[in-house]
Amino acid sequence: MLEVSSQDITEGNLFRSMLVLAVPLVVQNVVQVLQQVIDIVFLGRLSGDAVAAVGLVTPILGLMFAGVFVTFVGTQIVVSRRVGATDQTGARTALSTGVVMALAVGVIFGSLMALAAEPLLRLLSMVRPESGLAVTELAIQYLSVLALGLPILAVTDTVEGGFVGHGDSRASLYMNGLALCGNVVLDPLLIFGLGPFPRLGITGAALATVLGSLAGILLGIGLIARGRNNGMLTLASLGIDRETVDGILSVGAPVGGQQAARQLLRLPIYLLVFLAAGGAGLAAYTIGARVASIAFVPPQGLQQAAQSVVGQNIGAEQPDRARRTVWLGVAVASGTLLLVGLGQWLAASPLSIAVAPTLSSEGFSLTVEYLQILALGYPALGAIYLFEAGFNGADRSRVSFVSTLLQYGAIRLPIAAIGVLLVGEGVTSVFWAVTISNVAAALWLAWYYGSVGERLMHRAAAVAQ
């Protein structure tokens, strides 16, 4: 029932193909979000400072993972195109090249961040030195462990991208499921020191994430070694193919740049939250972002599925099918998030209590407020993910990059800064800046894709041959 072949994607029912491919991805994204939420749930029972520390680290982690996005998305799309063009040898080469690139990215970026973690976080904490010392110490511990584990995390994501690009999203789901199980088991043991395990606090949460990911990549390698998909994907001849490197970078580099730009622009927003409301505001912003990330699961799964469907149809010289895929995805994602947003708006208070019962009264009220304001922009987020999938799949990921710059740099950051620094509206202005920028980005992406979508897909199909 949940099987979809390359022929189905390029010749069959588009709606069914995308949804069948997306179902395991949605479940997989639930797993990934649960990993993040579970950390916050356990740390929320440790202390409010631990939750705030994760918030302070979040945009820095996003910067660190920007390089991983290059190999993850680039490998997925190059594999999908070569599968669509029935070039199985090329698909194998794309996976092996992507894995080597991911390992190199993980070692380089992880080593640099491990060295920079302490001085960088101490610098950021100077925004509010009277209340930032405890939060900073915890943030240093958390970031240092994740930086050292980045090679494992990078290779895991890239192998998953290879499976999804081939149309095998279930294998990626299995890898993420095992990683989640490892994280769920290890989090309480390492955070609180249960049984023979040492009490590591926030360091234990980071270590549990890395070890869970290690279990996932070992499973992925095992699936490949056993000849999953009739041996269509293999790591038997790991190496670098120059043409494939260029292809991965062509698609992945703008996506990595988009991720880096997004996090660079998010960093001052986190600092504005910290300045306006201290640790309580930062904890609220972090919890709100984690809970809200659950809402991103359907569009993220659809985005990954749509990128593969678009890529394979372009490779198979079916540009009109590729274009229709995006509009179908936008309708499904926006409609789903409309319902999710309504549920979050109504349940904001119990959600806040369930995630972090140790919050102060101020932190609790700010968390409820943020969750409700965020929910208003959820349908727009669904549209953003799917329009970006269309541009990425057509090798126009630069459009997504520019859109992110406008969304964060031209709308979100100015509104937040004016509200906090000039108008005196406090952290609430930051919350509204997020929702307003999401709606604006969805509107201009819809306008632009409606204007150029048909020409874009036909040009991409011609270039791919």
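Select Leu186 in helix H8 to start: the helix bends there by about 35°, and a proline, Pro188, follows within four residues. The bend at a residue is the angle between axes fitted to the seven residues ending there and the seven starting there. Helices here are DSSP runs (H or I, at least four residues), numbered from the N terminus. You are looking at a predicted model, where local features need pLDDT of at least 70 and side-chain atom pairs count only at pLDDT 80 or more, while totals for chains, interfaces and linings use all residues. Residues are numbered from 1 along each chain as its sequence is written, and side-chain values use heavy atoms, with hydrogens and water left out.

Now widen the selection to residues 169-192, all of H8. Its 24 residues should span 34 Å at 1.5 Å a residue, and the end C-alpha atoms are 35 Å apart, which agrees; the expected span is 1.5 Å times one less than the number of residues. Step on to Gly193, which follows H8 and has a positive phi, near 70°.

Next stop: the salt bridges. The rule asks for a side-chain nitrogen of Lys or Arg within 4 Å of a carboxyl oxygen of Asp or Glu, and the count comes to 3. Pick Glu118, Arg122 and Glu137, which are linked in a network. Arg122 meets Glu118 at 3.2 Å, N to O; both lie in helix H5 (residues 88-125), 4 residues apart, about one turn of the helix. Arg122 also meets Glu137, at 2.8 Å. Glu137 belongs to helix H6 (residues 129-148), so this pair ties together parts that are 15 residues apart in sequence.

For the remaining pair, go to helix H10 (residues 242-295), where Asp246 and Arg242 are 4 residues apart, about one helical turn. Their closest N and O atoms are 3.6 Å apart. Colour by accessibility and Arg242 is exposed at 63% relative accessible area, whereas Asp246 is partly exposed at 40% (buried is under 20%, exposed over 50%, partly exposed in between; 1.4 Å probe, protein chains only).

Finally, show the surface and select Leu342, Trp345, Leu346, Leu376, Ile415, Trp432 and Ile436. Together they form a nonpolar patch with about 690 Å² of accessible area. Patch members have over 30% relative accessible area and no salt bridge; nonpolar side chains (Val, Leu, Ile, Met, Phe, Trp, Tyr) are joined within 5 Å, and like charges within 9 Å. Areas come from the Shrake-Rupley method with a 1.4 Å probe, and for residues only the protein chains shown count as cover. Helices H12 (319-346) and H17 (427-464) each supply at least two residues, and H12 gives the most, with 3. End on Leu346 in H12, exposed at 61%.
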